Amino acid sequence: MRKIMYYVHQSLDGFIAGPNGEFDWAELGPELGAYSMALTDRADLFLYGRNVWELMSAYWPNAEAMSPDQHAIEFAPVWRRTPKVVLSTTLQSADWNTRIVRAADELAAIKDEPGKDILLTGSASVAASLTELGLLDEYHVVVHPVILGGGKPVYQPTERRTLRLAETRSFDNRTVLLRHDLV
(Lines give C-alpha, C1' and ligand atoms only; values in the text may rest on other atoms or scores of the structure.)
Protein backbone atom coordinates (compact mmCIF):
# COMPACT_ATOMS: atom_id res chain seq x y z
CA MET A 1 0.00 0.00 0.00
CA ARG A 2 1.13 3.52 -0.77
CA LYS A 3 2.15 5.88 2.01
CA ILE A 4 1.13 9.50 2.35
CA MET A 5 4.08 11.63 3.40
CA TYR A 6 3.57 15.10 4.88
CA TYR A 7 6.45 17.44 3.99
CA VAL A 8 6.32 20.86 5.59
CA HIS A 9 8.56 23.76 6.53
CA GLN A 10 7.97 25.48 9.87
CA SER A 11 9.41 28.29 11.92
CA LEU A 12 11.01 27.60 15.28
CA ASP A 13 7.80 28.82 16.94
CA GLY A 14 5.67 26.34 14.99
CA PHE A 15 4.17 28.25 12.05
CA ILE A 16 4.10 27.35 8.36
CA ALA A 17 3.13 30.85 7.28
CA GLY A 18 3.56 34.22 8.90
CA PRO A 19 0.80 36.46 10.27
CA ASN A 20 -0.01 37.75 6.77
CA GLY A 21 0.41 34.37 5.05
CA GLU A 22 4.01 35.08 4.07
CA PHE A 23 6.38 32.24 3.22
CA ASP A 24 9.45 34.29 2.40
CA TRP A 25 11.48 32.95 5.32
CA ALA A 26 12.15 29.33 4.28
CA GLU A 27 15.56 28.77 2.72
CA LEU A 28 16.27 25.68 0.66
CA GLY A 29 20.02 25.06 0.54
CA PRO A 30 21.66 22.30 -1.52
CA GLU A 31 21.35 19.57 1.14
CA LEU A 32 17.71 20.33 1.88
CA GLY A 33 17.05 20.57 -1.85
CA ALA A 34 18.52 17.09 -2.33
CA TYR A 35 16.35 15.74 0.50
CA SER A 36 13.29 17.34 -1.07
CA MET A 37 14.11 15.75 -4.43
CA ALA A 38 14.58 12.34 -2.75
CA LEU A 39 11.06 12.62 -1.30
CA THR A 40 9.81 13.59 -4.74
CA ASP A 41 11.46 10.49 -6.21
CA ARG A 42 9.49 8.31 -3.78
CA ALA A 43 6.19 9.79 -5.00
CA ASP A 44 4.16 9.59 -8.17
CA LEU A 45 1.36 11.84 -6.93
CA PHE A 46 1.50 15.27 -5.29
CA LEU A 47 -1.26 16.29 -2.88
CA TYR A 48 -2.22 19.83 -1.90
CA GLY A 49 -4.90 21.85 -0.18
CA ARG A 50 -6.34 24.74 -2.18
CA ASN A 51 -4.11 27.49 -0.74
CA VAL A 52 -0.86 25.61 -1.33
CA TRP A 53 -2.11 24.50 -4.77
CA GLU A 54 -2.62 28.14 -5.73
CA LEU A 55 0.92 29.01 -4.64
CA MET A 56 2.44 25.99 -6.39
CA SER A 57 0.51 26.41 -9.64
CA ALA A 58 1.45 30.09 -9.80
CA TYR A 59 5.17 29.37 -9.46
CA TRP A 60 6.24 25.91 -10.67
CA PRO A 61 4.98 25.95 -14.27
CA ASN A 62 7.55 28.69 -15.06
CA ALA A 63 9.93 28.42 -12.11
CA GLU A 64 13.08 28.19 -14.23
CA ALA A 65 12.33 31.61 -15.72
CA MET A 66 11.64 33.10 -12.27
CA SER A 67 14.64 31.72 -10.41
CA PRO A 68 18.15 30.52 -11.28
CA ASP A 69 18.05 28.36 -8.12
CA GLN A 70 19.25 24.79 -8.73
CA HIS A 71 16.24 23.30 -6.92
CA ALA A 72 13.84 25.27 -9.12
CA ILE A 73 15.63 24.06 -12.25
CA GLU A 74 15.49 20.41 -11.09
CA PHE A 75 12.00 20.34 -9.57
CA ALA A 76 9.99 22.38 -12.08
CA PRO A 77 9.89 19.70 -14.82
CA VAL A 78 9.07 17.05 -12.20
CA TRP A 79 6.22 19.17 -10.87
CA ARG A 80 4.79 19.76 -14.35
CA ARG A 81 4.70 16.07 -15.30
CA THR A 82 3.64 14.55 -11.95
CA PRO A 83 -0.10 13.99 -11.40
CA LYS A 84 -1.59 16.11 -8.65
CA VAL A 85 -4.64 16.02 -6.37
CA VAL A 86 -6.10 19.06 -4.64
CA LEU A 87 -8.37 18.55 -1.66
CA SER A 88 -10.83 21.45 -1.80
CA THR A 89 -14.52 22.17 -1.50
CA THR A 90 -14.17 25.55 -3.23
CA LEU A 91 -11.73 25.11 -6.13
CA GLN A 92 -13.67 24.76 -9.37
CA SER A 93 -10.94 23.74 -11.80
CA ALA A 94 -7.24 22.99 -11.91
CA ASP A 95 -4.82 22.35 -14.74
CA TRP A 96 -1.38 20.73 -14.85
CA ASN A 97 -2.64 17.13 -14.68
CA THR A 98 -4.60 17.85 -11.51
CA ARG A 99 -7.85 16.43 -10.18
CA ILE A 100 -9.94 17.93 -7.42
CA VAL A 101 -11.18 15.80 -4.53
CA ARG A 102 -13.94 17.23 -2.34
CA ALA A 103 -13.62 15.09 0.83
CA ALA A 104 -10.57 13.78 2.70
CA ASP A 105 -12.05 10.30 3.00
CA GLU A 106 -11.93 10.01 -0.82
CA LEU A 107 -8.15 9.93 -0.47
CA ALA A 108 -8.35 6.44 1.08
CA ALA A 109 -9.32 5.05 -2.33
CA ILE A 110 -6.47 6.96 -3.99
CA LYS A 111 -4.05 5.62 -1.40
CA ASP A 112 -5.20 2.08 -2.21
CA GLU A 113 -4.46 2.51 -5.93
CA PRO A 114 -1.23 0.94 -7.18
CA GLY A 115 1.74 3.24 -7.42
CA LYS A 116 4.48 4.96 -5.52
CA ASP A 117 3.92 7.06 -2.40
CA ILE A 118 1.93 10.30 -2.23
CA LEU A 119 3.60 13.56 -1.20
CA LEU A 120 1.53 16.16 0.69
CA THR A 121 3.30 19.51 0.81
CA GLY A 122 2.29 22.21 3.30
CA SER A 123 -1.49 22.20 3.77
CA ALA A 124 -1.78 21.89 7.55
CA SER A 125 -5.55 21.49 7.45
CA VAL A 126 -5.27 18.62 4.94
CA ALA A 127 -2.62 16.98 7.13
CA ALA A 128 -4.92 17.28 10.16
CA SER A 129 -7.84 15.73 8.26
CA LEU A 130 -5.71 12.86 6.97
CA THR A 131 -4.28 12.22 10.43
CA GLU A 132 -7.79 12.03 11.90
CA LEU A 133 -8.71 9.47 9.22
CA GLY A 134 -5.54 7.45 9.85
CA LEU A 135 -4.30 8.08 6.31
CA LEU A 136 -1.11 10.05 6.99
CA ASP A 137 1.91 7.78 7.43
CA GLU A 138 5.02 9.98 7.71
CA TYR A 139 5.67 13.50 8.94
CA HIS A 140 8.72 15.26 7.47
CA VAL A 141 8.91 18.57 9.36
CA VAL A 142 11.81 20.91 8.55
CA VAL A 143 12.42 23.53 11.23
CA HIS A 144 13.91 26.82 10.05
CA PRO A 145 15.81 29.24 12.32
CA VAL A 146 13.23 32.00 12.31
CA ILE A 147 10.60 33.13 14.81
CA LEU A 148 7.49 34.47 13.09
CA GLY A 149 5.55 35.48 16.20
CA GLY A 150 2.25 34.23 14.83
CA GLY A 151 0.61 32.91 11.70
CA LYS A 152 -0.72 29.56 10.56
CA PRO A 153 0.27 26.67 12.89
CA VAL A 154 2.07 23.68 11.41
CA TYR A 155 -0.60 21.33 12.62
CA GLN A 156 -4.07 21.64 14.09
CA PRO A 157 -4.87 18.32 15.76
CA THR A 158 -8.23 17.56 17.24
CA GLU A 159 -7.06 14.57 19.21
CA ARG A 160 -3.90 13.10 20.65
CA ARG A 161 -1.70 10.92 18.43
CA THR A 162 1.45 9.00 19.29
CA LEU A 163 4.25 9.20 16.77
CA ARG A 164 7.60 7.44 16.55
CA LEU A 165 10.73 9.46 15.88
CA ALA A 166 12.21 7.89 12.75
CA GLU A 167 14.98 10.34 11.88
CA THR A 168 16.59 13.64 12.75
CA ARG A 169 19.01 15.40 10.49
CA SER A 170 20.44 18.84 9.84
CA PHE A 171 20.76 20.44 6.40
CA ASP A 172 23.10 23.12 5.13
CA ASN A 173 24.15 23.95 8.71
CA ARG A 174 20.83 25.79 9.00
CA THR A 175 17.67 23.65 9.19
CA VAL A 176 16.68 20.52 11.10
CA LEU A 177 14.48 17.66 9.93
CA LEU A 178 12.18 15.89 12.39
CA ARG A 179 10.75 12.80 10.70
CA HIS A 180 8.07 10.87 12.54
CA ASP A 181 5.96 7.85 11.64
CA LEU A 182 2.49 7.07 12.89
CA VAL A 183 2.62 4.36 15.56
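These legends describe close-up views of a predicted model. Local features need pLDDT of at least 70, side-chain atom pairs count only at pLDDT 80 or more, and totals for chains, interfaces and linings use all residues. Residues are numbered from 1 along each chain as its sequence is written, and side-chain values use heavy atoms, leaving out hydrogens and water.

**View 1. Helix α1 packs with helix α4.** α1 covers residues 30-42 and α4 residues 70-81 (helices are DSSP runs of H or I, at least four residues; strands are runs of E, at least two). Their axes, lines fitted to C-alpha atoms over the stretch in contact, are 10 Å apart at an angle of about 10 degrees. The two helices are therefore roughly parallel (under 35 degrees, on a scale from 0 to 180 between N-to-C directions). G33, S36, M37 and T40 of α1 make the contact with H71, E74, F75 and V78 of α4 (heavy atoms within 4.5 Å).

**View 2. Buried residues of α1.** They are L32, G33, Y35, S36, M37, L39 and T40 (buried means under 20% relative accessible area, with a 1.4 Å probe and protein chains only).

**View 3. Y6 and Y139 form an aromatic pair.** The pair is edge-to-face, 6.3 Å centre to centre, with 85 degrees between the planes (ring centres within 6.5 Å make a pair; planes under 30 degrees apart are stacked, over 60 edge-to-face, the rest tilted). Y6 lies in strand β1 and Y139 in strand β7, so the pair ties together parts 133 residues apart in sequence. Y6 is buried, at 1%, and Y139 is buried, at 7%.

**View 4. F46 and F75 form a tilted pair.** Their ring centres are 5.8 Å apart and their planes at 35 degrees. F46 lies in strand β3 and F75 in helix α4. Both are buried. F46, Y59, W60 and F75 form one aromatic cluster.

How values were computed. Parallel < 35°, antiparallel > 145°, perpendicular 65-115°, else oblique. Buried < 20%, exposed > 50% of the residue type's maximum accessible area, 1.4 Å probe, protein only. Phe/Tyr/Trp six-rings, centres within 6.5 Å; stacked < 30°, edge-to-face > 60°.
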